[in-house]
Every structure is written in structure tokens, then in C-alpha cells.
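Let's take a walk through this model together. Have the sequence and the 3D view side by side as you read.

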Amino acid sequence: MAITTETFKVNAGWATTDVIIQMEQAMTYLGWQGSEVSGYIVGLGTITGGGDTNASEWYEDVSPKTTSGVGTEATFSLYRDIQGVRWVLVDRLGVGYTSGELVTLSADDIGGFSNGATDLSFKVCVDEIVGNGTTVSMAMTTIVNNGENFYTYGFELYETDRAGVVGAGISIITVREGDTISVANSYSSAYDPVLTSPHLYINEDTDYPIAGFDPDINPNDGYSQYTFKIGQAGVYFWKSEQSNLGAEQGRVIVLPWSGDPGDRTTVGYGASDVFWDKDLTGTQPWAVQKHQIAQNKLYGHTYRSIRYSGSAGSYRLTTHSGYSHYEGNEYYPTDSNGGTSTYHNHGGTGYRSRIAGAANLDYPGEQIGNNRAALLSHDAGTSTLVYNWLAQIYHGTNFGFDLDLNLFRSAIDPRFVVFSYRNPTISSTHLTSNTFDTFFFHNFDSNIWDYNHVFLAGMTEIIPTTGNTTTPDLRFRTHLTPNYAGSSGGCKRSAEYPWYPHRGYSSNDENYVDTVYDSRSYEQDMNENHARLYYRSEDQPKTFIGGYPHTNDTTATSRVSPEANFNAVIKGIPINVNLIPCPYYIPDDFGLIEFYYNAANANVQQGDTFTISPSEVWTVITASYNQTTVTRGIAFCARTV
């Protein structure tokens, strides 16, 4: 069967952002973009349970034990110490959740039932727009001693709250989900009012406010606003950074939402014709693809990040099993309200545009931390993929010439697609002077693993030895797992990780394995570490490797029968000979061809053809060859007839 081809072109004068858009168009053409989803968890309500393990520890990427609704795929990270649970953060945002859905984490996943942990439950809040809420404005004006070292804030309310209360000296405020409180501090910068979850109020400081609430409201800062999400009904506590004030300085009672259903609109994310997320405005533009590899599997989606990081003519690529592109603007207060980022406080979603998951499982290097780490975020870190990267893809710096991204798609397995960058209008004397990186993303099922437990992370480059080389060969370089620069850590949840070269033994940061195919049609010794192609010819100039002696041998006239000759198209190619068991074999409409053209300086180019017969024609994708006295080498080709 013949493959299909498609070209995506950017015209001369292109910039790096054009290359990102070019890849976006290619992924859309292939149908490899995620469709719209909704029901992202973007906040939490009050929490109950958790128990006491008398230990301090992070628990990352914890999946729910149960949920009262139909949402799936969300995970959470939490921190506890000897006083109990401190934070619960949203790690993977999930899909299909509804506000108010009750989620429970198992005690065994957060310290162990036998160690004193208990199941932890909380309601979740999804990303939705809620209208017709009210705003209650107030100012903290006094601190009142109620005896026995217990103090309350004195608030002056400027509007009626949901309980109908108006006046000064109020320490209990009643609102409803969807309402906004507008808070000012008219007393002292030493006593900033902070709102916390009731589960956390036992600690007498302001380390653990609810995410999105500005913990640094000083006099003359104006008003700081917080809107309660649907699902956050409950009782919250005012606290201060001053421990001598005691554990609680007042309360906010949040009633369940009871408005018109038409006032609520769930926000959707993603589309089938664009990247899942991108930012083309900065000096290091980036984009993220969401690719469905397997349906109805916990890790059935692979996310690929492309980012430019200063190296001319190339971008860095990484893969990850989870991604959060929630903007979370309510978690980033303005400078006038103190400017403190509260994306990592209780109920927060971490940095925007970030890799999601657990250290060493879904991103490499446990020293990076949890989802509060800037190095996991495209938004916060300028060199994200320096620390988390799979491969560097080179497309050249010929900005004054057109740049093509050529796709070669198998008809036998349409999921297998070879990508290749090429300058079609630049003059050249050899394929490698105008054809750049050629590669394919791993996109297949395998009986070795199950996507309920691992995600597909890898990609394979096909690298020719460049120019008029004396050692023509093709190198299949399979990148197995993202890694952390300068360390031996990879992503253990990646399906390809068991083949990873180092796995903690070495600090070498190479994360790939090579298979090299030497050209048999060129007079060179076989490298003992390279893969061997079967090749035999009775033609004297081509026989150095062909199964009969070199011309310097006194028995050089010895020949086997021409009927023993073998120079067929090599098909059934493993993605890498050095992966055992091999998870995937390249479809038979792609193959390796040894070629010998009896003329020097022939310029074999991508798109040239080898005709085996009128009914079998192969098109060159990439090749390595020598042009000195004759033109001979090896080519990776696709069948077009």
C-alpha cells in the first residue's frame, strides 16, 4: 500500500513562532489535537478527616478513592506535619467534575491507616462563571479581647450580608457561594486579616490561607477581593500572623449557592484544531499538544511541550502525562493588594501552564519539588525544558528560505507518521545540506504495557551521517523518557523507562539508545556494535562487504552464484534493535534501501525515487551516502507506488 504525504510550509522570512504554528497545523491535519473538555477542578471547599500521623511529609499525585459524581483523572498533592494536614493542592485538574462533588482520598495514600491517617474528604470546585452574586465590603477596624487570650477582629460592614446584618464590630459574616467579600485593613499592617479553612485554623499563623485570598492586606492597600466558588460552602476562620491573638479572630459562614441555574456557565478548554496551550509572545515561545494515544485509559493522553530556549534553529521537546493550563487569575493578586502569589495555598492549582504529576514518576528529578515549583511551569520559568526535556529538534537557521515540514503517513498503520524539516528552495550538493531532523513520535499500543499504569513518552530520530562521508550510515536514536539535565533521573511512569540507560546509576544525562545501520554498498568495515544488514552482491566494486573477499585478497576472483545476491528493500524494521522486547515495528510501507549509482557527485534528495518495478516505487525521506567516485549509501524510504 502507498503512503500519503502532506507538506506544511512557512515562507522565507519566518520566525520561531511560525515553526510552532506550522507544527500546530500538522497535528491538526493528523487529528492529534485534544478536543474540548470541561469540568476542571480549580479549587477546593472545606476538608474533613486526614488523621494524625505525627510526621511531616508531602504526598503527590494522589488519586481519589471515591467521588460522588462522574469526574475522572483528577489528582491531588497534600502536605501534613505533626499538627495535621496543612495543604491540599489540585495537581491534575481532571475532567467532567461538577462543583460540589465530594472527593475522598484514602488514608493509605496519605500516610497509612496504621500510622494514624484517616480518609480525607472535600468538595471540589470546577471552572465556571457564576453571575448575580453579591459583594459584601468590610474593613477590619479593631481587635477586641474577649477574655482568656481570645481576640476577634472588629469589622465594619458597608453592605448587608446574607444574614441581613449591618453595622460595626461584626466578626461573623454570612455570604453565599458565588458572592464576593471585599476586605480592607484599617487597623495595622501587623495584623493582616487572613481567611483559612476551618481544618487548618489550629495553627496560629498565616501559612495556610485558602488559595486566592490575599494574605498581605495592609492599611492604604485598598480592598482585596475574594469570590467563593460553588462548592466552597462551609465555615471559614479569620486569622492573623500574630500568634498571641489565638487560633481564631472571627468567622465567615458561606451558604450553599441557591440561584438561577442560568447564572452558571461551565468553562471549556481545548479544541481539535489548536494546540492545547501556547504562548507566542515572549522571547522563548512555547506550545503544548494533547495527544490521545489510548481511549478510556488513565494515562491514555500524552502531552508534548515545544519550547525555544535560545539555541538557534532548534526547539526543545518534552513529554508528560499530565498538564494544567488553568489560568487561575484569582490566585495571582494585584500589587495593590500586596502582590503575594497564592496559587500554592490551600486549594490552589499551582503555577499556570505547568507539568502535572509526581516527581520522578511524571517529571524527572525529585529535587524539583511539587506543583508549586516554578521549574515545572512555562509561565513562571524561562528555561522550563532545560530541566525537563526529551530531545532537541533541529530545523535549521535558513530564515531567508522557505521551510517545509513534510509528513509521510503509513497506509498500513495511519498512526505512524514520519516528520521531516527541509528547505526546498536552498541550493545543495547533498541531501543533508537542506534536509534537517527527521523523526517520528511514538504513537502505538503494545502488549508490554497498559496505559492505565504508564504513559507513552518517547520519540525516535533518524539521523544520517552528513555530507560526502566515508562512513555512510543511518542512526535510529530512540529518546526514551524526559530527564533532568545533569542527573540520572527519568520519568518512571513513562512506558519506555525500563530501557532507560542510567536509572540512577550514572549522572550522564543522555536519555536515548541508538541503533546504527552501516551502508553495505560502500567499502567500509562493519562496526561490531552496529546493526548488521544482510547484503550480498557478485558485482566486484560492491563486494567488499558483500560476502566475498576484498580486491586485495588473492582469492578476489572467487565468487558465489549471482543467484545468491540479496539487496532487497529491508522491511519489518524495529523502532530500535536495542530495545528488547521491541514494542513496535515500523510498517512495511517504510524501508531501508542500499543504493549504488555508477556516477560521482549525484545529489540524492528527499522526494527522489527508487523504482524496484513498475508497481513498486519508493521515495527517499532521508539518506547518508558517499559521492567520491560513485554515489552509494543507504536511504530510509517510503513506498509511494
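Is Arg-316 buried or exposed? Arg-316 counts as buried because its relative accessibility is 16%, where buried means under 20% relative accessible area, exposed over 50%, and partly exposed in between (1.4 Å probe, protein chains only). You'll find Arg-316 in strand S24, residues 314–320; strands (E, at least two residues) and helices (H or I, at least four residues) are DSSP runs, numbered from the N terminus. The side chain of Arg-316 makes a polar contact of 3.1 Å with the side chain of Gln-392. A polar contact here is a pair of N or O atoms within 3.5 Å; within protein, one must be able to donate a hydrogen and the other to accept it, and residues adjacent in sequence count only if both atoms are side-chain atoms.

A word on ground rules: this is a predicted model, so local features need pLDDT of at least 70 and side-chain atom pairs count only at pLDDT 80 or more, while totals for chains, interfaces and linings use all residues. Residues are numbered from 1 along each chain as its sequence is written, and side-chain values use heavy atoms, with hydrogens and water left out.

Now zoom out. The protein chain has two helices and 37 strands, and of its 641 residues, 56% count as buried. Take contacts (heavy atoms within 4.5 Å) between residues at least 6 apart in sequence: 65% of them join residues at least 24 apart.

What about the inside? In soluble globular proteins, nonpolar side chains tend to be buried together. The largest nonpolar core here has 37 residues, and Phe-76, Val-88, Leu-120 and Phe-122 touch the most other members. Such a core is a set of buried Ala, Val, Leu, Ile, Met, Phe, Trp, Tyr and Cys residues joined through side-chain atoms within 4.5 Å. Elements giving two or more residues to this core include strands S3 (41–51), S7 (84–90) and S22 (286–292), and the largest share, five residues, comes from S9. A second, separate core holds 34 residues, among them Phe-444, Tyr-517, Ile-621 and Phe-636.

Tyr-517 also turns up in the contacts of Val-577: leaving aside residues up to four places away in sequence, Val-577 touches Thr-515, Tyr-517 and Ala-531. Val-577 and Thr-515 are 62 residues apart in sequence, yet their C-alpha atoms are 6.0 Å apart in space. Val-577 sits in the loop between strand S33 (512–518) and strand S34 (590–597), and is partly exposed at 37% relative accessible area. That loop between S33 and S34 holds Pro-581 too, which is joined to Ile-580 by a cis peptide bond with omega about -5°.

Glu-73, between strand S5 (66–67) and S6, has phi near 75°, a positive value in a residue other than glycine. Asn-220, in the loop between strand S15 (194–196) and strand S16 (224–227), also has phi near 75°. Glu-73 is partly exposed at 32% relative accessibility, whereas Asn-220, at 84%, counts as exposed.
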